[in-house]
Amino acid sequence: LRGPTIIECLKYISTGDFPPGTKGSSFVHDPKVANETDVRAQIRLQFRDVNGELLAVQRSMVCTQKGKKTEFKTLEGVITRTKHGEKVSLSSKCAEIDREMISALGVSKSVINNVIFCHQEESNWPLSEGKALKQKFDEIFSATRYIKALETLRQVRLKQSSKVKECQAELKYLKQNKEKAQEIQDHLSNREAQLAASKDNVKSIENQLDPLKTSLDAVEQNLMKVMSLDNDVKALESRKKQMEKDNQDLQQKMEKVFQGPDEQLIDRYQNHQKTVKEKEKRLLDCKRDLDRATKECQRFNSEKSELLIERGRLQMQADRHQEHISMRDSLIQSLAAQLELEGFGRAPFDERHISSFHTLLKERQKRDAETANNLMREFARKEAMKQKQIDEIRDKKTGLERTIDLKSDIQNKKQVELKNVKHELQQLEGFSDRILELDQEIVKTEHELEKAERNSNIEALELEVQTLQNEKINLDRALRKLDQEMEQLNLHTMTITQMDMLKKDKAEKEEQIRRVKSRHSDELTSLLGYFPNKNQLEDWLYNKSRRINQTRSNLAVLNKRLASVECDRTHFSNELKKKEAQLSLHEAKILDVCGSQDFDSDLNKLQEEIEKSSKQRAVLAGATAVYSQFITQLTEENQSCCPVCQRVFQTEAELQDVISDLQSKLRLAPDKLKSTETELKRKEKRRDEMMSLKPLRRTVVDLQDKDIPDLRNRIQNANRDLTSLKAEIEEQESLLQTALSEEEGAKACLQDITLMERHQTDIRDVERKIAQQEAKLLGVDLSRTVLQVSHEKQEKKHLWDTVTGKIELKQKLKQDQQNQIQQLKSTVNELKGEKLQLASGMQRRRQLEEQTVELTTEVQSLCREIKEAKEQVFPLDTTLDKLQREKEDLVNKRTASNKEMQEKINSIEEKVKDINKYVKEIENYIQQGKAEYKKQKESELDEVNSQLAACEKQKDKISKEMEMIRQDIDTQKVQERWLEDNLTLRRRNEDLKKVEDNIKKLLKEMGEMKVPQLKTEQKHLEEKIETLKRNHHVALGRQRGFEEEIVRFKKELREPQFKDAEEKYREMMIIMRTTELANKDLDLYYKALDKAIMTFHSMKMEEINKIIRDLWRSTYRGQDIEYIEIRSDADENVSASDKRRSYNYRVVMIKGDTALDMRGRCSAGQKVLASLIIRLALAETFCLNCGILALDEPTTNLDRENIESLAHALVEIIKSRSQQRNFQLLVITHDEDFVELLGRSEYVETFYRIKKNIDQCSEIIKCSVSSLGSYVH
């Protein structure tokens, strides 16, 4: 434990900071030195806080050696308080220990580090370089955070001021946008009102159109009904004719007409149908029986295939059963022969043989197992005997080897110790020569010291410095006088400077006016004919805007007319498309039915073909009877002439040719008749379809000749109107575009013209201010200018700098001589100390020589004992190897015998397993009864074969019956056809009567409708509707123009500059006003805080310097320095407008009226004393709540006179603060005289001494001050 370690521990437990130059690992004992992996450290402190409560603080840490790297870790810290008799602990896991300690001590962290517990290496910080000194004083005064607060307030105020300027500029444009948005909104409201009126007009026209369209639809519906009735009458007449003709054709086709009543015909037809249905029902029953028989055959075939598969599977299992029996018997024979069992030479074997075989086999296996066990037990007994002999010899050998190892370790340690002693003796051999060298160096260094003291001229340098300082004081007076003169001149110079700035501002604004005129002169002159002012340009823009609006109105009217014409053209085009589509549809229908567009010729041609086919059908219907009669006449009668022309046939062959020709025609007649009837029906159907298309044909003619050409003419007229309207619209749009571009150019110029007029106003204000400044300068004498005074001041300042440089040079020479003398003194002290250390080392040489002889004797004795033990170990190795080989032979024999016996037993067991497997398979086959099951399946297969043959016979019988029924049904079809023709003829006659009644009814209904009046009313309604539609289109066009303008106005209002323009203007105005008010408040706060900081700083500095002055005068015994003080100078680099104060600190020494920086000019003792006194003053000022102060080696570099005065000053401090309950002074020193001086007072009775014990561990001993003289180190 060192003296500074106490300070380091106090500082660490108070603030958590490690000593200078350490990162924690070097603060804890090194694990490598302690020969440990982990070294744990702990610091504990007990004290009373600012409230007088008792606190105990504990901080723990650990240092771990990991390879070549040392790792440091802070463990949990604990603060323990005693409240109401109970201990309350606060862990570092729950709170920040550093902050709690600072709060409990009642001082800041900087005061603890730099004043109370200041490390010896940092004790001279008051004389450190300027930046570090300023940082420490700022921290002690706690000024840093207040200065930061002032800087933050200033930055915020500057930022807010720039924001106000931005808001003012933004408000100007927001106001313009707000006014423009209001204007657009007024236009929008006007157009919306006009649009509402236009919509009402359109709605009124539509209300007039709806009843007219309803009436027209009713009239057209009536006309369509008349046309439909006319078409129906014509269609019914055509149908009537066709039905009459069809009835005639049907009567001609029938051989004879049924003459009975309708009931008799229907009964006969129904009975005939009933007979046919019965035969068809019987045919259906036969079909079902055939399907049922087919399914039975399929089922029997399926059963047959399944039985065949099952028979094959059972046959395979029977074959495998025989194979298992043969394999079992062969295995039994083989194993019986191997084991020499009698009675098993011939197969097959029954159950008795197999049971006898198993019994004999088990007995044989039991005997073999007993034999093998006896053999293994004998081998195990022999191995145990050998192992016992081996263990006895091995234990004896191990004891000898352990003795050899132990003595070898002792021998090695003794040898290492002997080597170290010899090495230390070698080092001590050169100490006598080194002592002689040191004597020579001491004499030489003392001679150099005397020479340096004789050659030094410190007093002369001090006189020169004093002279130069007087010269510097005179120069300071001259500089102050020049500053006063400069200040007087600056008052008038400021006026001149302001006047020059005003003239410059005027010139800049005139230049901006000239630029505006040059930029827009040509454009405005071309538009207006002259360069206007703001009012003239605004009037021109107003007139231009009116003309633009007029052009837009004209364009809207033209667009409405264009929309109306386009609507008409679209309507006509749609009508034309409908008519053309209707025409195409009708023509396609006619083409599908007729095959061409010549409807009338096709219809006449088709009528002729129908008449021709009817005649042909009648001829073919009578040809059967005629041909039959002719053949009968030619064959039965004995005539050889033709029945028609009565021509006589010359030969029999010719007669037979005629008869065969008639017979062939008779055979072909029914087929020809049938085809002719089919063709006749098809043509009649086509004729009916064409008759129904007659009204459609008339519609096609009307469309082609009247409707479509009329619509095409209307479309052409509409296209001509569109072309002329588009030309007029393009002309108006070009005029509008030109006017808009001119308006935009003029608007762009308007801002610059406004700016130009504002500049002109500013120029008039500037001229007035220039006149005022010139009036101020009347009668002022300016013979000596600021430049001349400034030049003279620079010369004086240069001379002052030269004198200051000389002073610093002389002081540096003085300091170098003092440092050289001090360094030589230190060298002499170091050489004397080294000589004293070498002399003490020579006394230890004799002890080392005796220790060398003793260690050599011990090493030789150990070598002899080790050699004897090794000679006893050698024969034991040979015996042990022999016994181990014998044991290995026994083990190998036992293993081979065991393996042979086991292989024999395993072979028998494998064969037994195979036999048992086959026996089990055979028993399973017999138990499952698979042989009887096989016979059963074979009998089932025979039965299924017989059933399948019977089913096939039944199928053949049903098929023959079905063929006979089908022939009967075909025969009945001819009679059914004749009955159907009779029923058809009677139905047609009834339908013909109904058609005649319908024709009469329709003609009567047509006569009741007034067709001419309906057509006149239709034409009148169409003309009214056409007039209203034209007005409707015009109104829609006007409405579309209004909607376009409304969309344009709304689009403009949605633009970023007009959207929410009024709200943006109001918000910006609020922001600007509130920011201005906030800026005023910030200014007040800044001034109040700055004033408070200044007051606190000046009070504290005055208090500190007073304490420093008193302590210095009572402590320092030299005459060169009257007192010292801390100077705090405001930073001159900061402008006054910034209102920011920054203090630069320095320690000066005062002699008369002269104040010099102590840094670089004072001796080491003065530096230590000054730093100590400053710390005592700071502690007196800032440590009211914490009266602790630790001084680490305060007498370093102090001479005896100053040490005594320091002790006296500390006693006075103790005396003055003895009544303070929390005052505690801790002094750490090696100077016992200083402790004795402190002990002479009545306040110091005991002190604590730190020393190392025998184990090289530090221990603290409480000693009395009176024991200082008797203590021997």
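Trainee: Where does Thr1195 sit?
Mentor: Thr1195 is in the loop between strand 9 (1187-1192) and helix 21 (1200-1216). Helices (H or I, at least four residues) and strands (E, at least two) are DSSP runs, numbered from the N terminus. Keep in mind that this is a predicted model, where local features need pLDDT of at least 70, side-chain atom pairs count only at pLDDT 80 or more, and totals for chains, interfaces and linings use all residues. Residues are numbered from 1 along each chain as its sequence is written, and side-chain values use heavy atoms, with hydrogens and water left out.

Trainee: Is Thr1195 buried or exposed?
Mentor: Thr1195 counts as buried because its relative accessible area is 8%; buried means under 20%, exposed over 50%, and partly exposed in between (1.4 Å probe, protein chains only).

Trainee: And what is Thr1195 in contact with?
Mentor: Leaving aside neighbours within four places in sequence, Thr1195 is in contact with Ile1203, Thr1229, Asp1231 and Phe1234. Contact here means heavy atoms within 4.5 Å.

Trainee: What about phi of Glu1193?
Mentor: Phi is near 50° there, a positive value in a residue other than glycine. Glu1193 also lies in the loop between strand 9 and helix 21, and at 12% relative accessibility Glu1193 counts as buried.

Trainee: New topic: which residues touch the most other members in the largest nonpolar core?
Mentor: Trp1112 and Leu1178, out of 77 residues in that core. A nonpolar core is a set of buried Ala, Val, Leu, Ile, Met, Phe, Trp, Tyr and Cys residues joined through side-chain atoms within 4.5 Å.

Trainee: Which helix gives the most to this core?
Mentor: Helix 20 (residues 1164-1182), with 10 residues. Beyond four places in sequence, the contacts of Trp1112 include Gln1166, Leu1169, Ala1170 and Ile1173.

Trainee: How far apart in space are Asn819 and Ala1164?
Mentor: They are 9.4 Å apart, C-alpha to C-alpha, though 345 residues apart in sequence. Asn819 is in helix 15 (residues 786-843) and is partly exposed, at 38% relative accessible area.

Trainee: Last one: what is the mean pLDDT of the protein?
Mentor: The mean is 77, and 88% of the residues reach 70 or more. pLDDT is the predictor's confidence in each residue, from 0 to 100. Over residues 1132-1139 pLDDT stays under 50, and the model has 6 contacts for them beyond four places in sequence.
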